[in-house]
Amino acid sequence: MTAPDSSASGPARPADPVNPTVAADGSATAADRTAPDVPSAAPAGRTAAGGPVRLDGPWTHRDVAANGARFHIAEVGEGPLVLLLHGFPQFWWTWRHQLTALADAGFRAVAMDLRGVGGSDRTPRGYDPANLALDVTGVIRSLGEPDAALVGHDLGGYLAWTAAVMRPKLVRRLVVSSMPHPRRWRSSMLSDFAQSRAGSYVWGFQRPWLPERQLVADDAALVGELIQDWAGPRTPDFPDEDTLDIYRRAMSIPSTAHCSIEPYRWLVRSMARPDGIQFNRRMKRPIRVPTLHLHGSLDPAVRTRSSAGSGQFVEAPYRWRLFDGVGHFPHEEDPIGFSNELINWLKDPEPDR
């Protein structure tokens, strides 16, 4: 059977006819748990305490419905909503430090699993950035909030930029880490050889099926290698083996690797297609909410020069913050510094200073 190009946008459906091992609720069926090409794993979002998705902590786990799918969230605290969006190859747990810090600072902190990852639904379609951004804004509405401060890292940052353009009334403030504005990302990948080489994994994801198999091979060893390679030298304690094991087990949940790669396939395959051209034009609309842009000075996956020009797309207070000696994961490599920067900015009534 040939691999379909599910990178095209389209409505999400409750079950996956392409991959029958995905149940309607996004969990793995018994057949998939015995598949020879995927490591054995428990169903997504249905694990006991200490499992690969619903990890114990001061937060509460639950599911919310939005944009035709079900999304797993971890939440803690009361106050103005701050919605945290993870990147690749991670899931909601990447925000564990910020969840508690935000709650202690008087915010309602919520970290969600993006479509196809962690405990959220794995649908056959819907992995274009416009639909994924509607997932995010749909979760805001499902949480009963009028708006939220969006905090996104990596792919989550790309979606945060997109959501702020598509649904500006639902985004109170915008915080993006380790990801340039979508138009800046596109131009850098196409015209900057150094950035194109740094993002070579994105080009590699365009191959059918092989990237998925590589991600889950040897108990998802590649996930650990990517996180180690992208982290900076400033904090030798990150990532430790326990942290890598958690991310590797989460990626090993059936169909997660495929769903994690699909957004990157759309970003490249759509460049010359009408839907991709239309999305790129749509992103010309300026960001009109206060924006905090964070980046590690030694990020090997997204170069500082690629991100630094994103302020041209913001017609609102814009603050750029560079973390010295930090790589692609500032929120985990320097969690205290990142959390302090984030909270101080969220509480600042005049963020343009």
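Is Glu225 buried or partly exposed, and what is its relative accessible area? Glu225 is partly exposed, with a relative accessible area of 42%; buried means under 20% relative accessible area, exposed over 50%, and partly exposed in between (1.4 Å probe, protein chains only). The model is predicted: local features need pLDDT of at least 70, side-chain atom pairs count only at pLDDT 80 or more, and totals for chains, interfaces and linings use all residues. Residues are numbered from 1 along each chain as its sequence is written, and side-chain values use heavy atoms, with hydrogens and water left out.

- Glu225 belongs to helix α8 (residues 210–230); helices (H or I, at least four residues) and strands (E, at least two) are DSSP runs, numbered from the N terminus.
- A surface patch of negative charge brings together Asp218, Asp219, Glu225 and Asp229.
- Patches are made of residues with over 30% relative accessible area and no salt bridge, like charges being joined within 9 Å and nonpolar side chains (Val, Leu, Ile, Met, Phe, Trp, Tyr) within 5 Å.
- Asp219, also placed in helix α8, has a phi near 55°, a positive value in a residue other than glycine.
- Leu226 lies in helix α8 and counts as buried at 13% relative accessibility.
- Between the C-alpha atoms of Leu226 and Leu215, eleven residues apart along the chain, the separation is 10.0 Å.

**Backbone features in loops**

- Most residues other than glycine have a negative phi, and most peptide bonds are trans.
- Trp209, in the loop between α7 (200–204) and α8, has a positive phi near 65° and is partly exposed at 35% relative accessibility.
- A cis peptide bond, with omega near 0°, runs from Phe88 to Pro89, and Pro89 is in the loop between β3 (81–85) and α2 (96–104).

- Gly276, Phe279 and Asn280 are buried in helix α11 (residues 274–282).
- Seen down the axis of α11, its buried residues fall within an arc of 100°, so they line one face of the helix; the arc is that of the directions from the helix axis to the C-beta atoms.
- Pro274, Gln278 and Arg281 are exposed on the other side of α11.

**Salt bridges**

- The structure holds 18 salt bridges, each a side-chain nitrogen of Lys or Arg within 4 Å of a carboxyl oxygen of Asp or Glu.
- One of them pairs Arg172 with Asp147 (2.9 Å, N to O).
- Arg172 lies in strand β6 (residues 171–177) and Asp147 in the loop between α3 (129–142) and β5 (148–153), so the pair ties together parts that are 25 residues apart in sequence.
- Another joins the side chains of Arg305 and Asp192 (3.0 Å, N to O).
- This pair links distant parts of the chain, 113 residues apart: Arg305 in helix α12 (residues 304–308) and Asp192 in the loop between α5 (182–191) and α6 (193–198).
- Glu262 forms a salt bridge with Arg265, their closest N and O atoms being 3.1 Å apart.
- Both residues lie in helix α10 (residues 256–269), three residues apart, about one turn of the helix; Glu262 is buried at 1% relative accessibility, and Arg265 is buried at 3%.

How values were computed: Areas by Shrake-Rupley, 256 points an atom, 1.4 Å probe, with all protein chains shown as cover. Lys, Arg positive; Asp, Glu negative; His and termini not counted. Charge placed at Lys NZ, Arg CZ, Asp CG, Glu CD.
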